[in-house]
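Hi,

Here is the structure I promised to pass on. Have a look at it first, and my notes follow below.

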Amino acid sequence: MTFTKVIWVVHTVFFSLRRLWQPRQIWSNYKFLAFFLTIVAVLAIAACNSNTPQLDRGQISATAIGTDKLALAPTPIETKVVSHALGEVEIPLKPQRVVVLEENLILDSVLALGVKPVGVMSCRGCEENFRGIPSDLLADIPVVGNIGSQPSLEKILSLKPDLILGLTWLKSSYKLLSDIAPTVLIDFPSMHDFKERLRYVAQVLGKSDRAEELLTQYQDRIQKLRQQLGKKLETRTISVIYLAGSADIFYTYRPDFLAFGQIISDVGLRLIQQNQKQPQLTLSIEVLPKSDADVLFIMTELLTKDFKKANPEPLPFLQKPIWSTLKAVKNKQVYKVNWTVGGPIGANRIIDDLFKYLVKAS
C-alpha cells in the first residue's frame with residue numbers, strides 16, 4: 001500500500017466515523033482519539049512494509065547475521081603438504097598469488113609453467129635484472145627487493161600472497177616470511193638439475209602436467225639439434241669459460257652443476273670441462289690453453305653493469321697475448337653468450353645459440 005492510499009483510507013475512515021457519532025462526542029472522547037490514531041499508525045506501517053522487497057531464505061540469513069563470522073566464512077581452501085629444504089609445510093593445492101624471492105633459478109620455471117607471480121626479486125647491478133629471462137615478461141610485476149639483500153616484508157605483506165618461493169639463503173627470514181604466507185625454500189646445491197627443479201616447482205604449484213609438456217618440447221628440440229649436427233657431434237669440441245673483469249683469472253664450472261653443461265650433455269657434444277670434479281674453479285690465465293676447443297663460449301654474467309660502463313669491449317682479459325694463441329680465436333669460433341638458466345626459458349636460449357653458432361654458422 002502506497003502513502004497516497006494510506007491518506008485515502010484515513011480520510012474514508014475519518015468521515016465514516018463522523019457519520020456514526022456526533023462530532024462533539026467524538027472529539028471529547030479521549031479514548032476514541034487514541035483508537036483513531038492507532039488505526040492510522042497500523043495503516044502507515046502496512047504501507048511501508050508492502051514496499052519492502054521480500055528476501056528469500058538465503059538473503060535473509062546473510063543480511064540478518066551479517067556480522068556473524070561463522071555464517072560468512074569463506075569456503076575452505078584445499079591444501080596439501082609438501083617437503084622442502086627446511087621441512088614440511090601446508091600450502092594451497094593450487095596457489096593463486098605467488099611471490100618469488102629469486103630472479104632466475106625458480107622464477108624461470110614459475111613463468112614457464114604459466115604462473116604469473118604477484119611479486120619478485122631482481123638482480124641489481126647484474127647484466128640482466130632477471131638473468132636468463134626477458135624483462136618484458138616481468139615488466140608490470142612489483143619488485144620486492146634485490147638479490148643479495150633481504151626482501152621487503154612490508155611489500156610482500158601488501159601483496160597478500162598465498163605462497164612464497166625462495167632459496168635457502170633466506171632461511172634466516174623463514175619464520176617472518178611464514179607468518180605472511182606458507183613459504184617453500186629450495187636448496188640449489190642439492191637440486192641443481194634444472195629439469196628436476198622444474199618438476200619440483202610444478203609439483204608445488206599443481207602444474208605437473210604442464211612440466212611434462214615443457215620437457216617433451218625440450219627433448220624434441222634436442223633431437224632436432226642432434227640430427228642437424230650429425231657427425232659434428234663426434235668431432236666438435238666445446239668449451240665454456242666465465243669472465244669476471246680480471247685480466248689474470250677466469251672461472252670454469254662442473255658441467256652437471258649448471259644447466260648449460262646439462263644441455264650440452266643432452267645434445268651429445270664434447271665439453272672440454274666434462275671431467276671437472278669441483279663445482280667451480282678459479283683459474284689463472286696461464287692455464288687458459290687447457291680450456292681451448294673448436295668452439296669457445298664466453299660467459300660474462302659475473303660482470304656488473306658498472307664494470308661494463310667503465311670497461312668497454314674488448315675486456316682486459318681478451319687483450320692478453322696468450323689469448324691470440326687459442327685455436328678457437330684463430331678460427332674465429334669465439335662467441336659471447338648469456339647462458340644463465342633456471343628453467344625452460346633459459347634452456348631454449350641456449351638451444352637457440354647452439355643452432356645459431358654450431359649449425360647455421362658452419
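To start with a question: is Phe250 buried or exposed? Phe250 is buried, with a relative accessible area of 0%; buried means under 20% relative accessible area, exposed over 50% and partly exposed in between, with a 1.4 Å probe and protein chains only.

Before the rest, a word on the source. This is a predicted model, so local features need pLDDT of at least 70 and side-chain atom pairs count only at pLDDT 80 or more, while totals for chains, interfaces and linings use all residues. Residues are numbered from 1 along each chain as its sequence is written, and side-chain values use heavy atoms, with hydrogens and water left out.

Now the overall picture. The protein chain has 14 helices and 13 strands (DSSP runs numbered from the N terminus: helices are H or I with at least four residues, strands are E with at least two). Of its 362 residues, 44% count as buried. Taking contacts (heavy atoms within 4.5 Å) between residues at least 6 apart in sequence, 67% join residues at least 24 apart.

Back to the aromatic rings. The whole structure holds eleven aromatic pairs; rings of Phe, Tyr and Trp (its six-membered ring) pair if their centres lie within 6.5 Å, and planes under 30 degrees apart count as stacked, over 60 as edge-to-face and the rest as tilted. One of the pairs is Phe250 with Phe317, edge-to-face at 5.9 Å centre to centre and 70 degrees between the planes. Phe250 sits in strand β9 and Phe317 in the loop between α12 and α13, so this pair ties together parts 67 residues apart in sequence. Phe317 is buried too, with a relative accessible area of 2%.

Phe297 and Tyr357 make a tilted pair, because their ring centres are 6.2 Å apart and their planes are at 55 degrees. This pair links strand β12, which holds Phe297, to helix α14, which holds Tyr357, 60 residues apart.

Helix α14 (residues 344-360) spans 22 Å from its first C-alpha to its last, close to the 24 Å expected at 1.5 Å times one less than its number of residues. Its buried residues include Ile350, Leu354, Phe355 and Leu358.

Lastly, take a look at Leu101 in strand β3. Leu101 is buried, with a relative accessible area of 0%, and beyond its neighbours within four places in sequence its contacts include Met121, Val144, Trp169 and Leu177.

Best wishes
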